4 protein chains.
Amino acid sequence: MEDRATTVGKIKEKIEEFVKERDWGKFHSPKNLSMSLAIEIAELMESFQWLTSEQSEAPNLSTGNKKKIREEIADIAINLLNICNVLDIDLSEAIAEKLLINARKYHIDLDTDKAHKRKHYKGGGHGR
Amino acid sequence: MEDRATTVGKIKEKIEEFVKERDWGKFHSPKNLSMSLAIEIAELMESFQWLTSEQSEAPNLSTGNKKKIREEIADIAINLLNICNVLDIDLSEAIAEKLLINARKYHIDLDTDKAHKRKHYKGGGHGR
Amino acid sequence: MEDRATTVGKIKEKIEEFVKERDWGKFHSPKNLSMSLAIEIAELMESFQWLTSEQSEAPNLSTGNKKKIREEIADIAINLLNICNVLDIDLSEAIAEKLLINARKYHIDLDTDKAHKRKHYKGGGHGR
Amino acid sequence: MEDRATTVGKIKEKIEEFVKERDWGKFHSPKNLSMSLAIEIAELMESFQWLTSEQSEAPNLSTGNKKKIREEIADIAINLLNICNVLDIDLSEAIAEKLLINARKYHIDLDTDKAHKRKHYKGGGHGR
């Protein structure tokens, strides 16, 4: 199972099977799953928290840390694909559409720094 | 681009291209990207926060909410695959390995409720 | 040390002393501390994740869970007051000002449900 | 209202009054409030996300950013004290007890770096 040969649909099937075999579906409301997702991401952040940005780059991570990060990323992805199963979302389509929206918003010929900043502070009203 | 016919590798390529065209790579240390991921997940939680678990189920969501949730999930996935690109992680392989680890931990013949509970409180030492 | 007789300033002093004694200040950039805070909140969410809203109410929590939740809330508060120390923020003043802003936004005579909804989805543009 | 003269109990009263006047208590199950808290912290992280640790230090923040951060910290504190009200937790006591637990765990005479690392990776089993 490699990225270049594995479809998103195939992974979703495997995850659906895993959940079904354990009868875990009953716990998996989208609300609860969104909390799980947040908890798992916090675990990923833990791996990076006390590193500088430079230390967090791939070549500078220890083997142990890299292994842990890989597992946490897998956990996040499993949870996210489980949510897609539960909500019947075609993730590839959703991503393709979102990339189009983003591409319109952040034209290639824009000043990249400003566009990046705008992307990430688009809230504006975020300063609540 | 549909889940049943789209490889993870294909989506990763599209995202890599998107980031490159905008020269955003310089902002994307794994540390910073893990923060972005946490921020995006918070936006997903916002959609579910004041709903009961039942109201958060697919058939009970309004069309507007469903659309918003779909976009937020796409954002999370784009960010996660971007991290995989940056850290050179084969996500399909990482997921397959993690599912094996999880399958050993949570045998099918275990009491499903206890196993689920154990899965999610495995910290134990979490009670800090 | 009880809420009705303990000033915020007093607690901030205790935390400052704790950090100083251990020479931990060097790790505590506001950026890193905001990540810690997110990680600690995820631990609090873990205690509520698989409960219904009703089960999460005080009278329905087990003694063990209540103790854990109390500790996690203390951790969050310690971290938050540490950030206030580091950024030299007078929290009581900041809260008083924010309550005024909120009071203007959410007038008492407004429809409470709508105001609550507005408060929590004020992003609008959040549907990214 | 200044930290050096304001008790935690006083602030809790003001928040309780604010919530009561708007009849928002019905929305505020501990589960939902823990999600709010996570969402508000994500907003705080947004302010630091693209800064280096150095840039996030108080003297290096822009006035606008500082104001926004102050408001977000107030929001987090208001939410946290609201949870204390809802769960009837005496925060000052909880903090005092937690500082004692932490002081036993991280003795002053320990190697500070190791103790700090241990504090923040205490999960051990975190490497899921």
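Me: Before counting anything between two chains, what is a salt bridge?
Reply: A salt bridge is a side-chain nitrogen of Lys or Arg lying within 4 Å of a carboxyl oxygen of Asp or Glu. In this predicted model, the count between chain D and chain C is 8 salt bridges. One of the pairs that qualify is D:E93 with C:R70, whose closest N and O atoms are 3.8 Å apart.

Me: Which elements of chain D give two or more residues to the side that touches chain C?
Reply: They are helix 1 (8-21), helix 2 (30-48), helix 3 (63-87), helix 4 (91-105) and helix 5 (112-120) of chain D, and the largest share, 15 residues, comes from helix 3 of chain D. By residue class, the side of chain D that touches chain C divides into 42 nonpolar, 18 polar and 22 charged residues. Across the interface of chain D and chain C there are also 28 residue pairs in polar contact, counting pairs in which both residues have pLDDT 80 or more.

Me: How should I read the area buried between chain D and chain C?
Reply: The size of an interface is often given as the accessible area lost when the parts come together. Here the area buried between chain D and chain C is about 7200 Å², and carbon and sulfur atoms give 66% of that area. Within chain D, the residues that lose the most area to chain C are D:D3, D:W24 and D:R70, which together make up 11% of what that side buries. The contact takes 82 residues from chain D and 82 residues from chain C.

Me: Is D:H28 buried or exposed?
Reply: The cut-off for buried is under 20% relative accessible area, so D:H28, at 7% relative accessibility, counts as buried. D:H28 sits in the loop between helix 1 and helix 2 of chain D, where its side chain makes a polar contact of 3.1 Å with the side chain of D:N82. Apart from neighbours within four places in sequence, the residues in contact with D:H28 are B:W50, C:H116, D:V19, D:L33, D:N82 and D:V86.

Me: How can I check the length of helix 1 of chain A, and what do its buried residues pack against?
Reply: At 1.5 Å a residue, the 14 residues of helix 1 (residues 8-21) of chain A should span 20 Å, and because its end C-alpha atoms are 20 Å apart, the two values agree. Its buried residues are A:V8, A:G9, A:I11, A:K12, A:I15, A:F18 and A:V19, and these pack against helix 3 (63-87) and helix 4 (91-105) of chain A, together with helix 1 (8-21) and helix 4 (91-105) of chain B. Just after helix 1 of chain A, A:D23 takes a positive phi of about 55 degrees.

Conventions:
Residues are numbered from 1 along each chain as its sequence is written. Chains are lettered from A and ligands numbered from 1 in the order in which they are written. This is a predicted model: local features need pLDDT of at least 70, side-chain atom pairs count only at pLDDT 80 or more; totals for chains, interfaces and linings use all residues. Side-chain values use heavy atoms; hydrogens and water are left out. Helices (H or I, at least four residues) and strands (E, at least two) are DSSP runs, numbered from the N terminus. The expected span of a helix is 1.5 Å times one less than its number of residues. Buried means under 20% relative accessible area, exposed over 50%, partly exposed in between (1.4 Å probe, protein chains only). Contact means heavy atoms within 4.5 Å. Buried area is the accessible area (1.4 Å probe) that two parts lose on being put together, summed over both. A polar contact is a pair of N or O atoms within 3.5 Å; within protein, one must be able to donate a hydrogen and the other to accept it, and residues adjacent in sequence count only if both atoms are side-chain atoms. Ala, Val, Leu, Ile, Met, Phe, Trp, Tyr, Cys and Pro count as nonpolar, Asp, Glu, Lys and Arg as charged, and the others, Gly among them, as polar.
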